[in-house]
Amino acid sequence: MQSTEITFENLGETGALFTELMRARYHHFIEARGWPLPNVRGLEFDQYDTPESIYCAIHDGLDVHGGFRVTPTTAKCVNSSYMLRDAQLGLLPDLPPTILDHPAPQDPKVWEVSRVFVGDTLSSRERMKVRDQMGLNFARVARNWHIDAFLCITSVTVAMLTRRSGLDMLAAGPRFEAGGETCQAYLLKVNATSLRSRAA
């Protein structure tokens, strides 16, 4: 099992893996969870998949076991910025405008994490390995891109599992129901002594 950071700059080398990441997202979010997300030919995507985002794939060859996307909170593409801010501005009808307890930041040192998933066909041990790899990759991305904290929205259950990855998680908004799950926004603070040291 390995991890790869994908950017639009390295798509020449990672293009096939990027396609499989979009395919894995389609399976996880649309086929398995029934979310009504944009898709074409078995690939899931949305308006936040732009060159400003960075992707992480946990994989064996082209078999993707998990992944995530990070986007700077300074992002801007036509009428979109990033998911939590757009929800707060009332631009995403499926998410409440009260999603955050504070004005959505636009700070180059704070990035949004989205489309986090772990393959549903993996064993419990394999899922734990994928989550550990994700923790290491959060550390690497934070170090390489000078990020101090991440914002995300996830289910409360997943948040409890994420705490073991070396990130300090703080609730950043009220709980609400979405897609049959209890969800909440979180601020993930990078712990320089524990998280970044794991990425060395």
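Where is the place of H59? H59 sits in strand β4, one of the helices (H or I, at least four residues) and strands (E, at least two) that are DSSP runs numbered from the N terminus. Before going on, note that this is a predicted model, where local features need pLDDT of at least 70, side-chain atom pairs count only at pLDDT 80 or more, and totals for chains, interfaces and linings use all residues. Residues are numbered from 1 along each chain as its sequence is written, and side-chain values use heavy atoms, with hydrogens and water left out.

Let's stay with H59 for a moment. H59 counts as buried because its relative accessibility is 4%; buried means under 20% relative accessible area, exposed over 50%, and partly exposed in between (1.4 Å probe, protein chains only). Leaving aside neighbours within four places in sequence, H59 is in contact (heavy atoms within 4.5 Å) with M1, Q2, S3, T4, L17, V64 and H65. With T4 there is also a side-chain polar contact of 2.7 Å, meaning a pair of N or O atoms within 3.5 Å; within protein, one must be able to donate a hydrogen and the other to accept it, and residues adjacent in sequence count only if both atoms are side-chain atoms.

Now step back to the whole protein. Its secondary structure comes to five helices and ten strands, and 48% of its 200 residues count as buried. Among contacts between residues at least 6 apart in sequence, 64% join residues at least 24 apart.

On to the inside. The largest nonpolar core has 21 residues, and F68, V70, V113, F150 and L188 have the most contacts within it. Such a core is a set of buried Ala, Val, Leu, Ile, Met, Phe, Trp, Tyr and Cys residues joined through side-chain atoms within 4.5 Å. At least two residues of this core come from each of β4 (54–60), β5 (63–72), β6 (110–118), α3 (124–145), β7 (149–155), β8 (167–171) and β10 (181–190). The largest share, five residues, is from α3. A second, separate core of 17 residues includes L95, L100, L151 and A178.

On a 1 Å grid over the protein atoms alone, a cavity is a set of points where a 1.4 Å probe fits but cannot get out, while a pocket is an open set with protein on both sides within 12 Å along at least five of seven lines; lining residues have an atom within 4 Å of a point. Grid points are joined across faces, edges and corners, and a volume is the space filled by probe spheres set on the points.

The largest cavity has about 50 Å³ of space, and its lining includes Y48, A75, K76 and S81. S81 lies in the loop between β5 and α2 (83–88), and its side chain makes polar contacts with the side chains of R85 (3.4 Å) and D86 (2.6 Å). The second largest cavity, at about 30 Å³, is lined by E5, I54, Y55, C56, N137, R140 and V141.

Finally, the second largest pocket has a volume of about 210 Å³. Of its 14 lining residues, A24, D63, V64, H65 and T121 are the closest to its centre. Helix α1 gives the most to this lining, with five residues.
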